[in-house]
Amino acid sequence: MSQIKKVRGFQDIYGENAKKYRFVVETARRIFENYNFNEIILPYVEDVSLFVRSVGEETDIVQKEMYVFEDRGGRKVALRPEGTASAVRAYIEEGLYAKGGYQKLFYEGAMFRYERPQAGRYRQFHQIGAEIFGANSPLSDAELIKMVKDILDQLGIQTRLEVNTLGDFESRKKYIEVLRNFLKERKDLLCEDCKKRLERNPLRVLDCKVEKCIEATKDAPVLIDYISDQSLQRFEKLKEYMKSLGISFIFNPRLVRGLDYYTDTVFEFITDKIGAQGTVAAGGRYDTLVKQLGGPDTPALGFAAGIERLMLLVEKLPEEKDLVVVVPVVSEFNIEGLKIADRLRKKGIKTELVLKEGSLKSKMKLANKMGGRFVVFVSENPELKDMETGEQERFENAEDLIDVLTEKVLKP
RNA sequence: GAGGGUGUAGCUCAGCUGGCAGAGCACAAGGUUGUGGCCCUUGGGGUCGCGGGUUCAAGUCCCGUCACCCUCCCCA
């Protein structure tokens, strides 16, 4: 019988990694709630056309990375490759726009993209993300960025922040034409990939890392010269707000994102500590998407962060509660052991009752291996041992021992 | 989709030009008949990723295939 293995690009997250995963998610949740965001739990499967229409027909995600299949009812569906499209769909479908004011939503969970696995990149990966619908002031851009920064800070992760503005939809279209014409004249100087990008997505050429492309585009027209005054003003305000919050950032006029729906503000939090997949969190504004998907004209913005990439950067996990190991000295005391463990757990103490029979020595080895801070020996006169100091104290009865132990473990 | 590297014990790896599958760590038992960590002794574990070929003989050579790692592309 051949061993069944996990499918390429999928992973088991366990042990230390599972702790990191939880640390990342719980930290983010705490901050989302601080900013008064509400959770939305979105489906993992959506109609294919949702992603075609939002992420963009010509994008790599849609062209070659989506898990697409027909369900038993003949519906063409996809495992979601990202979260924003679903959030927008729900915003429209559930009528959240009718609640008035603006909506602030966050989500967490798996995304699926059929890509070649690599460091910090999997076919099933996990994101946390948040979206703001109906807020159009640059205040919202600033708050969103600040919130992402708060999360990264709380996780102890150092990054650099790059920001750019793509302008509104119209001025961007105008610029793309100008840029395409510029690039066509220099087509021969570009790398093979960029020759293809020229037609599909000329903005990406500016993002190319190949030396000769950087050289060839040195004097390329700059997007910011083509965008509307309104967009420029928004960007100036945003920069001002970020400065007042003490957020340091780099203006990168060539920053482009791979999803079609972005307008105006885009940003990326980047690290160079984890190899090529350095973008750890990214997002931006998408003022036309809600309308484009059939909803009311609604300004919106959001971000997503890759949990696995954040995990690679998490160095220190928060301290865990002390573990108490309950050891019946001989099996005659098993029942007493069950009771004591029960009472400790009711007090909120992390307790392990040794689940193996055998010599006391083997049970102690287990207690040590599990990282027990205290051991309770269950016998006529229960004893409490501090595994760090080796000190051991004997008690008349279990009550007294539990009182003393509670004092030691639950001290603030 | 393109390029490079690696698959041998649970883990990290050694195994020269083909000649009986190894080490360290981990695990289990014992040295202490009711007390962990250190030390010592003993022990259990492997279709050498999978399939085919060459050969008297393949972990080792050849072909294919799968997976993982890294880079490009793209993205979180």
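1. Helices here are DSSP runs of H or I with at least four residues, strands are E runs of at least two, and both are numbered from the N terminus. By that rule, L289 sits in helix α10 (residues 289-292).

2. Before going on, the ground rules. This is a predicted model, where local features need pLDDT of at least 70 and side-chain atom pairs count only at pLDDT 80 or more, while totals for chains, interfaces and linings use all residues. Residues are numbered from 1 along each chain as its sequence is written, chains are lettered from A and ligands numbered from 1 in the order written, and side-chain values use heavy atoms, leaving out hydrogens and water.

3. Back to L289: it counts as buried because its relative accessibility is 0% (buried means under 20% relative accessible area, 1.4 Å probe, protein chains only). Leaving aside residues up to four places away in sequence, L289 touches S54, T84, V88 and Y261 (contact means heavy atoms within 4.5 Å).

4. Now the RNA. Helix α13 (360-369) is among the contributing elements and gives the most, six residues.

5. A few polar contacts with RNA strand B to look at (N or O pairs within 3.5 Å). A polar side-chain atom of Q118 is 3.2 Å from a phosphate oxygen, a backbone N or O atom of T279 is 2.7 Å from a sugar or linking oxygen, and a polar backbone atom of M387 is 2.6 Å from a base nitrogen.

Notes. Polar contact = N/O pair within 3.5 Å; in protein donor to acceptor, adjacent residues only side chain to side chain. Buried < 20%, exposed > 50% of the residue type's maximum accessible area, 1.4 Å probe, protein only.
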